[in-house]
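Please study the sequence and the three-dimensional structure shown below before reading on. The paragraphs that follow lead from a single chain to the contact between the two copies.

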Number of protein chains: 2
Amino acid sequence: MTRAQPYDREKALDAAQDLFWRKGYHATSLKDLEAALAMKPGSIYAAFKSKEALYLASLERYFLGSRQALRDQMAGAATVLGALADHLRSYGDTTGAPPHGRACMIVKTLLDTTADDGAISDRAQIYFEALRDEFAGFFRQARDNGELPPDANPDRLARRYQANITALRVEAHLGGDPAGLKDLAENMAQEVEELGNGG
Amino acid sequence: MTRAQPYDREKALDAAQDLFWRKGYHATSLKDLEAALAMKPGSIYAAFKSKEALYLASLERYFLGSRQALRDQMAGAATVLGALADHLRSYGDTTGAPPHGRACMIVKTLLDTTADDGAISDRAQIYFEALRDEFAGFFRQARDNGELPPDANPDRLARRYQANITALRVEAHLGGDPAGLKDLAENMAQEVEELGNGG
DNA sequence: CTCACATTTGAGTGAATGCTCAAATAATCG
DNA sequence: CGATTATTTGAGCATTCACTCAAATGTGAG
């Protein structure tokens, strides 16, 4: 049959994602990618077609990974609101592996691309909204199982929740006072929990 | 004396600020700037020294303008909290001239620069914190004049307030459903007002 | 009007960009 | 062990990048 691929596609995509996430699309050059992926330009183009396509693949990987991590985190929780609150709290801790201490790659993408960056900004918007839908689903779940009052608006709550995460992760990206960040996260987390106590 | 400057420095800086604000530092080329400023490369370098220096000048202009607009808005207000709430509400409207419908240039800068972009990210962080101090000053004012309880924490409130603005303006940048954005802004604004009602 | 000089000009700099492709390489097949 | 074919290689492509500087231009002084 065909020759086994001497490069590890998952590992390469992982390296590309990390590099793009840190430096952004425009500031990342092919030279940077060659070094990070340990691949020569020809191989990169054979495997990923173009810098833009590689970015799109990295972004998709980021989105799928984030969503999966969120679902896993929610699955084993006692209450939905408690788990959503804990998810916020987790961004208050900048130590440890990414995504801690980093802004959301989707938000970064949204902010530094324009219409003339082709499909990239469109795709980022789709992912951003998909994550919002994910949050809305959890709030709906909380409403349906009685954690939230019956007149709670899951879409509105999701929008607000996502806004909090966005802001929290921008703060984390700055890397200022860790206590202040933790305090901010705790503040937001408690607001979520209080939604269940007739807030 | 010396020859009158045939280019308008303010107008050029204004054009540069707008272009950088929209496209970001890395995605903006000298060609773009030449077109926007209606100046040839030699003139740009004589007037502004480098692309980085021009960006720093644009960012400073943005910061000073934003802070001044905020101060003006706060000066003629009946209550401090009401004015802070209205400031949030203003970002819920994407129609009209910038800054409406655009993310904060300082936040954009923070997210798409790294340490190897020299002074730019440092400067953006300074401005971001300066705006936070500005907000903290208003909350302190509200506490001292009785709008807030005596044990209110101005720094914490300012951090949360700035986080809300950051998130709101990221949402505005997306340009999705205007009603949803307005709703989000109203939501945040009411939370600020409720701080004064024993919240 | 002429001189002196500050300012603008824009073709041109070397370096870096994203990307290509003919040649070299390695793995599987009969 | 060749023969075949998928894959990698890396020098090098055209283009664009941020930037420079000698020459042209316009201005105020004498």
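**From one chain to two**

In chain A, buried residues make up 46% of the 199 residues. The model under discussion is predicted. Chain A contains nine helices and zero strands, and its pattern along the sequence accordingly reads α-α-α-α-α-α-α-α-α. The C-alpha trace of chain A spans about 60 × 40 × 35 Å along its principal axes. Among the contacts in chain A with a separation of 6 or more, 67% are accounted for by residues 24 or more positions apart.

Helix 1 of chain A, residues 9–23, has 15 residues. From its first C-alpha to its last, helix 1 of chain A reaches 21 Å, close to the 21 Å expected at 1.5 Å a residue. Buried residues in this helix include Ala12(A), Leu13(A), Phe20(A) and Trp21(A); Gln17(A) and Lys23(A) are buried as well. Against which helices do the buried residues of helix 1 of chain A pack? Their partners in chain A are helix 2 (30–37), helix 3 (41–48), helix 4 (51–75), helix 6 (105–111) and helix 8.

Helix 4 of chain A, one of those partners, has 25 residues. Its reach from first C-alpha to last is 36 Å, close to the 36 Å expected at 1.5 Å a residue. Among the buried residues of helix 4 of chain A are Leu54(A), Tyr55(A), Leu59(A), Tyr62(A), Phe63(A) and Met74(A). Ser58(A) is also buried.

The loops deserve attention too. Ala38(A) lies in the loop between helix 2 and helix 3 of chain A. Although Ala38(A) is not a glycine, it has a positive phi of about 55°. With a relative accessible area of 69%, Ala38(A) is exposed. Lys49(A) lies in the loop between helix 3 and helix 4 of chain A. Lys49(A) is not a glycine either, yet its phi is positive, at about 75°. Is Lys49(A) buried or exposed? Its relative accessible area is 67%, and Lys49(A) therefore counts as exposed.

Another loop of chain A, between helix 5 (80–90) and helix 6, holds Pro99(A). The peptide bond from Pro98(A) to Pro99(A) is cis, with omega near 10°. In chain B, a cis peptide bond joins Pro98(B) and Pro99(B), where omega is about 10°. Pro99(B) is placed in the loop between helix 5 (80–90) and helix 6 (105–111) of chain B.

Gly24(B) is found in the loop between helix 1 (9–23) and helix 2 (30–37) of chain B. Its relative accessible area is 5%, so Gly24(B) is buried. When neighbours within four places in sequence are left aside, Gly24(B) is in contact with Leu19(B) and Asp112(B).

The relation between the two chains comes next.

Thr166(B) counts as buried because its relative accessibility is 7%, and buried means under 20%. Neighbours within four places in sequence aside, Thr166(B) is in contact with Val170(A), Val107(B) and Phe128(B).

Finally, one pair of helices illustrates how the chains pack. Helix 8 (residues 154–174) of chain A and helix 9 (residues 178–194) of chain B pack at an angle of about 70°, and their axes are 10 Å apart. Helix 8 of chain A is therefore roughly perpendicular to helix 9 of chain B. From helix 8 of chain A, Arg156(A), Arg159(A), Arg160(A) and Ala163(A) take part in the contact. The residues they meet in helix 9 of chain B include Gly180(B), Leu181(B), Asp183(B), Asn187(B) and Glu191(B). The residues of this contact between helix 8 of chain A and helix 9 of chain B divide into four nonpolar, two polar and five charged.

Technical notes:
Residues are numbered from 1 along each chain as its sequence is written. Chains are lettered from A and ligands numbered from 1 in the order in which they are written. This is a predicted model: local features need pLDDT of at least 70, side-chain atom pairs count only at pLDDT 80 or more; totals for chains, interfaces and linings use all residues. Side-chain values use heavy atoms; hydrogens and water are left out. Axes are lines fitted to C-alpha atoms, for helices over the stretch in contact, and angles run from 0 to 180 degrees between N-to-C directions. Helices (H or I, at least four residues) and strands (E, at least two) are DSSP runs, numbered from the N terminus. Angles under 35 degrees count as roughly parallel, over 145 as roughly antiparallel, 65 to 115 as roughly perpendicular and the rest as oblique. Contact means heavy atoms within 4.5 Å. Ala, Val, Leu, Ile, Met, Phe, Trp, Tyr, Cys and Pro count as nonpolar, Asp, Glu, Lys and Arg as charged, and the others, Gly among them, as polar. Buried means under 20% relative accessible area, exposed over 50%, partly exposed in between (1.4 Å probe, protein chains only). The expected span of a helix is 1.5 Å times one less than its number of residues.
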